[in-house]
Amino acid sequence: MNPDLTFLTGGGVMGAKMRAHDWSAHPLGPPEGWPPALRTMVSMVLNTSLLGTLLWGPEMRLIYNDAYAPALGHREPMSLGEPLRVVWSDIWDRLAPTFVPVMEIGVPVFAKRFFLPMERDGAMVTTYWDYSVSPIRDEDGVIVGLLNHALDVTQEVINEEALLASQRRLHEANNELKAEVESRTNERDRMWALGQELMLIALPDGTIRNVNPLWTTLLGVERKDLIGRSLASVIHPDDLADAAQLRERITSAPVSVPAEFRLRHRDGSYRTIAWVGAFEDGHIYATGRDITVERQQLESLRQAQKMEAVGQLTGGLAHDFNNLLGGISGTLEMVGLRLEQGRVAEVEPFLAAGMGAVRRAAALTHRLLAFSRQQSLAPTSTDVDVLTDGMLDLIGRTVGPGIRVEHVRSPEPWTVLVDQPQLENSLLNLCINARDAMPDGGRILIEIACAVLAGADARRHGVPDGDYVCLSVADTGAGMPPDVVARAFDPFFTTKPLGRGTGLGLSMIYGFAQQSGGQVRIDSTQGVGTRVSIVLPRHHAPAVVASATPKAVVMPALGKGRTVLVVEDEVTVRLLVTSLLEDAGFTVMEAADSAHGLRILQSDASIDLLVSDVGLPGGMSGRQMADAARLTRPDLKVIFITGYEETALMTNDPLPWGVAVLTKPFAIDVFREAVRDMLGHADTSLAHA
């Protein structure tokens, strides 16, 4: 090799091309004739690993190294030694403003992220470059070319833009999330403020952490006065156990089943609330719906349905009472006749018959009053067989002589926990329905059975596995088609003619069974009859049995020196009570109305005991008269006698000290025992009057 061409040694692929290139006809001429500055720069460009180009002469002819060659793409084979404006003709308008001024005035240029659209392999692509352009001067200081070092940063820019785009998207997403959170927070706050259900946040021990404003609207208590208090402080005392059980269920399970308990209003009244709740992050979250009106409406429906049944009873009761009154009046006439005849020894059978009629009449009135009174559910341990036995006479009178009533007792004395009047109500209504299904007569079978239900049997009856008592009423009537059976429990659905039924009977029985933890099932076949079964869970406690009628007692000689005021508008009853008291040695004062009685009570007369009817003429009840008298006679003892159910005309408050109630008609021995218990025992006894 010519020593003058040593600058072309090395240089990789481009060095080889430079050596192989025919320079003889090229405007730059043969390399051996190139000026020293050109030789030096060519050698430097070819032998650097950086992307580099040499732009020589006024036309800025291109000499480049291996690192630059890929940037040329399809231009690469024809670009060596060609003017820059020819090589990059498609983008010369982008390059000229950078390179031409450096060639003219010699001020270096440094640029970053220079955007350059380039045609590569027949397609326009976007590229970005970091580059520097410096002038090359000869020994006289004249600018003879440019040295260009460049770095293709397209991928970096793409990555940066992708990162920026990702950051923008993330920022936008964060903003959207923030806006969503703010929106949800605002929605939650609006729901908290405007929600129509009570909302509660509390600690596991029941301490209130927060409540929504509806608490103030519903209970009349400010939120600030509730927060920090125990929830138990506003719960009805009778519902504290239920509330405690709900709290235990909530803290032991993700979401609780619904439960009801009452909250106290500032005015002392109560609201019934149906609650559900959950436990999370150490807090109880609960919502409550006010169902006070619903419960009142339900009770009204119960009472309406109950009174419908009472109406069904009246025909049979009127017949029975006429018979009883006829028996009583007849025996009294016979007693009078025998006394006139001097046949005193023959009086006793008639007296016994008359007293028996009185007792049967009293049993009927007590049953009717107990059946028709308004009350909430008061579950007691009940033997269904005993309850049914006590209902058989009433059922027989109600369904009439054309229906045969049979009772099949259970083999075991299992008890259930139910409200007894409601169960009586349900049984009587089922029997009335059975009677109506047999207009031409038939048979009603009342059957009580004990069963252990599990698996498929329990599912068929719609109850959990366990021990159950089943009370069923079956008739031999026409039966019901499946579509009627499917709607039988719907409120107000009835197949009876207009005016013959409200459609509440079975729906109320269904509600009662559900509240008692049980279920109701109907099995009916057209042309054969219907069986309705009330399935109730077994209660492992002895049945509550009503106390027996008091045995005959001898009244102590309490009357000597003591005075009793008798206030009774019924002359016969007043005569009886007065006679009994006078026979026991009491001084008796009488009044026929509350106004006269109160005048005596407010006088200076010494009165040891007041015996008064509850329903009195004279402007006030017996209870009101007694309360007024006790303002000046605080130690006055009172026995109320009433023809109503024992507490029907009393207030809901418990009876005060020194007050007792007897229900008409009462036995003489019962009255004597009440007087003895009220005034205390004495050492001397009197014979019966």
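**Aromatic pairs and a helix packing**

Phe114 and Tyr131 are both buried in this predicted model. A pair of aromatic rings is described by the distance of the centres and the angle of the planes. For Phe114 and Tyr131 the ring centres lie 5.4 Å apart and the planes stand at 80 degrees; an angle over 60 counts as edge-to-face, so this pair is edge-to-face. The two residues come from distant parts of the chain, 17 residues apart: Phe114 belongs to strand β3 (residues 109-120) and Tyr131 to strand β4 (residues 123-137).

Strands β3 and β4 are also linked by Phe115 and Tyr128, which are 13 residues apart. Their rings form a tilted pair, with 5.7 Å from centre to centre and 45 degrees between the planes. Phe115 has a relative accessibility of 34% and therefore counts as partly exposed, whereas Tyr128, at 16%, is buried because the limit is under 20%. The structure holds 7 aromatic pairs, and ring pairs join Phe99 to Phe114 and Tyr131 in a cluster.

Elsewhere, two helices pack together. Helix α17 (residues 571-583) and helix α20 (residues 668-679) have axes 11 Å apart, at an angle of about 55 degrees. The crossing of α17 with α20 is right-handed.

On the α17 side, Val577, Leu580 and Leu581 make the contact, meeting Ile668, Phe671, Arg672 and Val675 of α20. By class, this contact has 6 nonpolar residues, 1 charged residue and no polar ones.

Key. Residues are numbered from 1 along each chain as its sequence is written. This is a predicted model: local features need pLDDT of at least 70, side-chain atom pairs count only at pLDDT 80 or more; totals for chains, interfaces and linings use all residues. Side-chain values use heavy atoms; hydrogens and water are left out. Rings of Phe, Tyr and Trp (its six-membered ring) pair if their centres lie within 6.5 Å; planes under 30 degrees apart count as stacked, over 60 as edge-to-face and the rest as tilted. Helices (H or I, at least four residues) and strands (E, at least two) are DSSP runs, numbered from the N terminus. Buried means under 20% relative accessible area, exposed over 50%, partly exposed in between (1.4 Å probe, protein chains only). Axes are lines fitted to C-alpha atoms, for helices over the stretch in contact, and angles run from 0 to 180 degrees between N-to-C directions. A crossing is left-handed if the near helix is turned anticlockwise from the far one by less than a right angle, and right-handed if clockwise. Contact means heavy atoms within 4.5 Å. Ala, Val, Leu, Ile, Met, Phe, Trp, Tyr, Cys and Pro count as nonpolar, Asp, Glu, Lys and Arg as charged, and the others, Gly among them, as polar.
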